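Try each task before you read its solution.

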Amino acid sequence: MNHVKSIVVLTGAGISAESGIKTFRADDGLWEDHRVEDVATPEAFERDPRLVQKFYNQRRKPLLNDEVVANAAHRALAKLQREFDGAFLLVTQNIDNLHEQAGSQSVLHMHGEILKMRCKATGDIFSCYNDIDVSDLCDCCGEANNLRPHIVWFGEMPLYMNEIGDAISGCDLFISIGTSGNVYPAAGFVQMAKHAGAQTLEINLDESAVAANFDRGIYGKAGDVLPVWVDGFLGT
Ligand code: NAD
């Protein structure tokens, strides 16, 4: 793969699993023991903002007190970005900050970030390193209950789609890591990459729902197999 000049990597919940963050269970529809419809939709936030804020407060906490830290797979991607001499873009569906913690730069969080809040009125985005209550006043508009998690909920449009589309159209290697292939549009990126003539590689615990669309698959824990693949690719 020495002729590779441009890489796009897509990651999903599986890359953070070995750090202790639970993956999303598509089969029973539960995420961290909650129904997605109760905590991860705009309707849920309208209906019960207190429950939704509490859910994201709980997800934020382990990242802030170092209970959850980056693993070997996150570190391998940071190394790939550092040492690869072509274009590189890391796109993640994850809302955690473990890629950044490992040293990755300019990560596109297409489903938002748990360590950020957004004002419903102005769209302004704020860093958030503490619990949020519905009575908290927003920094920009001074109103209560205007702060929402900067998360793309089910039914909302993912972020950075133009940048991601441009990068995939111009890449010659697309790698998907730790994603089940059930959530679109991310699950369709492999077809965009193939259409652009890129080589495609899936790294996952087991075959994803879209495994047949990849040229090649490497199956195992990302923390075990990804560092080996990165070292082989870089020739280190
Ligand atoms: P998913 O939970 O649907 O799929 C995870 C995939 O990772 C599965 O195919 C599983 O087999 C694989 N996997 C599990 N452990 C692995 C490991 N150690 N190494 C490699 N692969 C492993 O996740 P998804 O495809 O990202 O989609 C679910 C949605 O839920 C996304 O929108 C995502 O934003 C959200 N989510 C995010 C987080 C997070 O931020 N860490 C956690 C859970 C869910």
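This is a predicted model: local features need pLDDT of at least 70, side-chain atom pairs count only at pLDDT 80 or more; totals for chains, interfaces and linings use all residues.

**Exercise 1. A helix and what follows**

- Step 1: Helix α4 covers residues 49-64, which makes 16 residues.
- Step 2: Buried here means under 20% relative accessible area. In α4 that picks out P49, V52, Q53, F55, Y56, N57, R59, R60, P62 and L63.

**Exercise 2. Around the ligand**

Describe the shell around the ligand, then find backbone atoms that lie close to ligand oxygen or nitrogen atoms.

*Solution.* 

- Step 1: The ligand is surrounded by 26 residues, and the closest are F24, Q93, I95, T179 and S180.
- Step 2: Sorted by class, the shell holds 12 polar, 9 nonpolar and 5 charged residues. Helix α1 (residues 14-17) supplies the largest share, 3 residues.
- Step 3: For a ligand oxygen, look at Q93, where a backbone N or O atom lies 2.3 Å away. For ligand nitrogen atoms, a backbone N or O atom of L205 lies at 3.1 Å, and one of A222 at 2.8 Å.
- Step 4: The ligand taken alone exposes 850 Å², and the protein buries 92% of that.

**Exercise 3. Salt bridges across the chain**

How many salt bridges does a search of the whole structure find?

*Solution.* 

- Step 1: The search finds 9 salt bridges. Side chains of opposite charge can pair when their charged atoms come close.
- Step 2: K79 and D231 meet with N and O 2.8 Å apart. K79 is partly exposed at 22% relative accessible area, and D231 is partly exposed at 29%.
- Step 3: K120 pairs with E46, the closest N and O atoms being 4.0 Å apart. K120 sits in the loop between β6 and β7, while E46 belongs to helix α3, 74 residues apart. K120 is partly exposed at 39%, whereas E46 counts as exposed at 59%.
- Step 4: To finish, look for a network: salt bridges link R35, E37 and D38.

Notes: Residues are numbered from 1 along each chain as its sequence is written. Side-chain values use heavy atoms; hydrogens and water are left out. Helices (H or I, at least four residues) and strands (E, at least two) are DSSP runs, numbered from the N terminus. The expected span of a helix is 1.5 Å times one less than its number of residues. Buried means under 20% relative accessible area, exposed over 50%, partly exposed in between (1.4 Å probe, protein chains only). A residue is near a molecule or strand if one of its heavy atoms lies within 4 Å of it. A polar contact is a pair of N or O atoms within 3.5 Å; within protein, one must be able to donate a hydrogen and the other to accept it, and residues adjacent in sequence count only if both atoms are side-chain atoms. Accessible areas come from the Shrake-Rupley method with a 1.4 Å probe; for residues, only the protein chains shown count as cover. Ala, Val, Leu, Ile, Met, Phe, Trp, Tyr, Cys and Pro count as nonpolar, Asp, Glu, Lys and Arg as charged, and the others, Gly among them, as polar. A salt bridge is a side-chain nitrogen of Lys or Arg within 4 Å of a carboxyl oxygen of Asp or Glu.
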